[in-house]
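Hello,

Here is the structure you asked about.

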Amino acid sequence: MAKQSRSTYVCQSCGYQTLKWMGRCPDCGQWNSMVEEAHTPLRKKGASSMSQPQPIDTISLAHEMRLKTGIAEFDRTLGGGVVPGSLVLIGGDPGIGKSTLILQVLEGLAKTGYRALYLSGEESSQQIKLRAKRLSVHSDSLYVITGTCIDDLFERLDSLKPALVAVDSIQAMYTDSIASAPGSVGQVREVAARLMTLAKQSGIPIFLIGHVTKEGAIAGPKVLEHLVDTVLYFEGDRGHVFRILRSFKNRYGPTNEIGVFEMKDSGLSEVDNPSRIFLEERPQDVPGSVVIPCLEGTRPVLVEIQALVGPSPLGMPRRTTVGVDHNRISLLVAVLGKRIGMELGDQDIFVNVAGGLKIDEPAADLGIVSSMMSSFLERTVDRKLVLFGEVGLAGEIRGVSQPELRIREAKKLGFSRCILSRSNLEGLGHLGNMELLGVETIQELYELLFK
Ligand code: TYD
Ligand code: MG
C-alpha cells in the first residue's frame, strides 16, 4: 500500500486542498497561495474537546498570578508580568537585540526561583555562553538546549519540567509532520500551533522569537499574530541605542504599552524616564520644534516634533515624515490652507519625531500643525510649552483622552504652559502652577502662538 501522506497543501484564499504543491490555485486562481498544513486526525466518536458549560462566577482565577521577570519595563509591557500558559511572540528585525532581551528576561525569572529553558535553533551553546558572559548572566536554574526539531522538545520538557520556555527563533524550528523547509509559512504555523497546545495544556508560558522578514520563502511573525496570545515588537533604529518594546496585541493587558531600553556593551538596560531621554537633545529656540505629551498605552511620554518647511524646487513638493503618518500631514496641510489661508501647497515639508518613536494618535495633530506653522513662519514656539489635541477638517480642535495624565507628565519635566482643546480644559480641575490655554479652532491656536 502506498504510504499515506501526512500533509496537504491548502489554498489560503479559498481553502482548496491538494496533495502536491501548485503555484496557482486551480479553484480560485490565486498565485502562490498554497501552504502546507499537517493533517489533523479525525476525532474519535463521542470524544468532546469542548468544556462543560460553567457559570462565569464559579470559574476560579488560579491563573491570575503572573510571573515577574524582574525587568520592570518588560513586565509592564506585558501588562504586569508573564501569564502562565500564555504564548508570547517577540518579533523584530534581525540584529535588533531579541536574543539579548530574552536571555536577560530568562535570567530574571531564574533568579526569582523559576526554572527557565532557552531553546536555540540558531546558535551553539558556546555562542550562547559567550553572550551570557558578556551580559554577566549567571544562574543554575537557566538551562540551554540547542536543536531545531520541535517534536524532540516535548521529551526534554518531561524530564526538565521548566516553569518557562523560550524558543529562539520560530523560523529555525521544524516539525516532522510537514515536509516544507523550516521558516516556510506552513512550518512556522504548525510549530507555533504545537507550542500553543503545549502552553495551554501544561500551563508553561512560552516565548517565541520571530524575525520580521520581507515576504518570501521565510515567513515572518505576521502569520502568527492571530494565533498567539501576545505580540510584542522590539523596535528601534540600529543607529540609535534606544530600543522600544511595544505590545501590539495582548489578551492579558493593554496594547500599545511600551518599554524603553538602551543597548549597552553589557546588554540592555531599562530606561525608566523616557521623556527625559527623548527631550535631552532638543535644540535651543529653533523654529519648527515643539513638544507634545502623547500616550503610549497607559504611559504618557513627552516627545519633540520637528518640522522643516521651505519652498520646493520641484513641481511636486516633497512630504517626508519619520514617526508620523504621511497622510495625516497632507490632511493638516489642507486644513491650514483652507481655514487660516496658510498655503503650504508649494512647500517641501519634512516632519520628524525625535528619538525614533512612532506616534499614531490624533492627539499629536496640534503639535504637528504648530511645528509646521512655526517652521513656515520662521517663528519659534515658547520652550516651556506643550500642546495636544486633535484637528478636525473644519479646523476645530477636539478633545483627546487622559488630558490630566499628559499635563502631569509635562509638569514633571518642567513645562509651565499647555495648549489644549477647550472641551478638555473644561473637564479639568486645578493643576497647580501650570498655565492652561483652551483653544476651539486652529485660528485661535495661530493667534495664541504667533500674534
Ligand atoms: P542579538 O540579541 O543577537 O539580536 P537578534 O537576536 O535580534 O538578532 O543582538 C544583536 C546586536 O546587539 C549586535 O549587533 C550586538 C548588539 N549587542 C550589544 O550592543 N551589546 C550586548 O551586550 C549584546 C549581547 C549585543
Ligand atoms: Mg538572535
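Helix H2 gives three residues to the shell around ligand 1, the largest share. The model is predicted, so local features need pLDDT of at least 70, side-chain atom pairs count only at pLDDT 80 or more, and totals for chains, interfaces and linings use all residues. Residues are numbered from 1 along each chain as its sequence is written, chains are lettered from A and ligands numbered from 1 in the order in which they are written, and side-chain values use heavy atoms, with hydrogens and water left out.

Ligand 1

The ligand is surrounded by 16 residues (a heavy atom within 4 Å). Gly95, Ser99, Thr100, Arg131 and Lys264 are the closest. By class, the shell holds four nonpolar (Ala, Val, Leu, Ile, Met, Phe, Trp, Tyr, Cys, Pro), six charged (Asp, Glu, Lys, Arg) and six polar residues (the others, Gly among them).

Oxygen atoms of ligand 1 lie 2.7 Å from a polar backbone atom of Gly95 and 3.4 Å from one of Ile96. For Asp265, a backbone N or O atom is 3.0 Å from a ligand oxygen. Ligand 1 alone exposes 550 Å² (Shrake-Rupley, 1.4 Å probe), and the protein buries 75% of that. Elements giving two or more residues to the shell are H2 (98-111), helix H3 (125-134) and strand E11 (258-264).

Cysteines

There are zero disulfides (cysteine sulfur pairs within 2.5 Å). For Cys25, the nearest cysteine sulfur is that of Cys14, 3.7 Å away.

Regards

Note on methods
A polar contact is a pair of N or O atoms within 3.5 Å; within protein, one must be able to donate a hydrogen and the other to accept it, and residues adjacent in sequence count only if both atoms are side-chain atoms. Helices (H or I, at least four residues) and strands (E, at least two) are DSSP runs, numbered from the N terminus.
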